[in-house]
Amino acid sequence: MPVLKKIALTVTSAALLSGFTLTPAVAADKDKSDDKQPKPPGVMSSLGGERLGMSGSQVNLGPGVPVLPKGLTGRSWIVADAENGDVLAAHNSHWRLPPASTLKMLFADTVLPALQPTQTHKVTESELSGVGEGSSLVGIKEDHTYTVHDLWLGVFLRSGNDAVHVLSEMYGGIPQTVAAMQKHAEELQALDTVVVSPDGYDAPRQVSSAYDLTLIARSGMQKKDFREYAATASADFPGEKKKGKKRDSFEIQNTNRLITGDIGVDPYKGIAGVKNGYTTHAGNTFTGVAERNGKVLLVTVMNPSAEESHAVYKEAAKLLDWGFAASGKVTPVGELVPPKSVDTGTGTSTGGKGAAPAAGADQGTGGQAEAAHASAASKGSSGVGVALAIIGGLLVVVAAAVYLVNRRWPLAGLGSRSAPETKDTGEAAGPAETAEPAASVGESAGKPVDKA
């Protein structure tokens, strides 16, 4: 037996050194208390590559490739090259899980092109009546007027579900917005995603995946407005208007802690967005994009352990660090697929095994929503640009400090302009939704909470 053990160890070491597949039983996984975690489904989509449909961590080790970070607890995560779409490593990346407010990336990618930022709107009581209990709010008041620009700041910085509902009404209503988002998700081949609420508030059947959220972020970051909102650290937001007095404003700060920092979390060097979220069912979710030395990476982490404050940011930062260190050395385990229309030129998907829309996905759209979607899709894109300047520890948008990302596929047809969560049928029981709690993760016991 000692001889056999020695031979087994030798074979294992040789396989790792020669770049063989790293199986789910990797060292990074051993640091997790897997016995306490829900298990991924036995069958997942393999869109983007067969390895991406496998459970556990997928990465190819070889000479010079760093091992994955220790202590990763996310149920699902992915690290990908934003430029060429290579997936450098992944863990249950097609596991359909509640997305929380990261779904607002899809909302923005769908609706942004249809509304001009200077357009104004007077908010009605009915537009705010459908906002879920416990939702994250920016503080919109009925009978007050806001610009579309104001409302988008409320969505991206404060993850305001009130802002999402007002913008949805301006777009044509909640049902039309949800239908358009679902259609856009299918165009992007984000086929794990089922949209029920535009704000990501927990709702029965509403799911996405780390893979899909990364696809959505990659598309959104091609839009100038999207990039700027996602990278804004703080802004002034219109306050209450009192008779006979000038309307006040108040400062809102981005809840993305890799941009603004917080106790125990430093701003991440090169971060340029994108979106964070938290609900009772989803736990903490986060998709981020960062640049270092001309390399741009996307990372998504879903539902890490709630035992550590800000775990979602810490694990995302670890994965970004790993990705920058491994880039150019590691053999990809898959790829981020292009949109359907770009993939074939006809709008017909050639996706791989398991590349079917998620069960329950609405295939139809309302007339107004479809028209708005078609209008958005007819516009071009200038490519993905990321703000690189960091002043005082906070990322700021500087026109000169952006760069163009060359893509493997053409950008035509993606649509671009030159600009507290609750119930859900995820793994947890009991409704709740919110933006990420300001204090610490995992404080949302009891009624539904939604935070971004």
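Modeller: A residue counts as buried when its relative accessible area is under 20%, as exposed when that area is over 50%, and as partly exposed in between. The model is a predicted one, and of the 452 residues of its protein chain, 58% count as buried.

Colleague: What does the accessible surface of the protein chain come to, and which share belongs to carbon and sulfur atoms?

Modeller: The accessible surface of the chain comes to about 17,500 Å², and 56% of that belongs to carbon and sulfur atoms. As for its secondary structure, the chain has 13 helices and 16 strands.

Colleague: How many residues of helix α3 are buried?

Modeller: In general, an α-helix has 3.6 residues a turn, so residues three or four places apart point the same way. In helix α3, which spans residues 104–111, eight of its eight residues are buried; among them are the residues K104 and D109, as well as M105, L106 and F107.

Colleague: How should I read the packing of two helices, and at what angle do α5 and α9 pack?

Modeller: Two packed helices are described by the angle between their axes and the distance between the axes. Here helix α5 (residues 148–158) and helix α9 (residues 224–231) pack at an angle of about 55 degrees, with their axes 8 Å apart, and because of that angle α5 is oblique to α9. The contact is made by H149, W152, L153, F156 and L157 of α5, together with F226, Y229 and A230 of α9, and the crossing in which α5 passes α9 is right-handed.

Colleague: Turning to the loops, is Q206 buried or exposed?

Modeller: Q206, which lies in the loop between α7 (174–187) and α8 (210–220), has a relative accessible area of 0% and is therefore buried, the cut-off being under 20%. A polar atom of the Q206 side chain lies 2.6 Å from the backbone nitrogen of V196, and the side chain of Q206 also reaches the backbone oxygen of Y201, at 3.1 Å.

Colleague: Where is M54 found, and which residues is M54 in contact with, leaving aside its neighbours within four places in sequence?

Modeller: M54 is found in the loop between α2 (27–30) and β2 (57–60), and because its relative accessible area is 40%, M54 counts as partly exposed. Leaving aside its neighbours within four places in sequence, M54 is in contact with M44 and N92. M54 and S93 are 39 residues apart in sequence, while their C-alpha atoms are 8.6 Å apart in space.

Technical notes:
Residues numbered from 1 in each chain as written. Predicted model: local features only at pLDDT ≥ 70, side-chain atom pairs only at ≥ 80, totals over all residues. Heavy atoms only, no water. Helix = DSSP H or I, 4+ residues; strand = E, 2+ residues; numbered from the N terminus. Buried < 20%, exposed > 50% of the residue type's maximum accessible area, 1.4 Å probe, protein only. Areas by Shrake-Rupley, 256 points an atom, 1.4 Å probe, with all protein chains shown as cover. Polar contact = N/O pair within 3.5 Å; in protein donor to acceptor, adjacent residues only side chain to side chain. Axes fitted to C-alpha atoms, helices over the stretch in contact; angles between N-to-C directions. Parallel < 35°, antiparallel > 145°, perpendicular 65-115°, else oblique. Left-handed = near helix turned anticlockwise from the far one by under 90°. Contact = heavy atoms within 4.5 Å.
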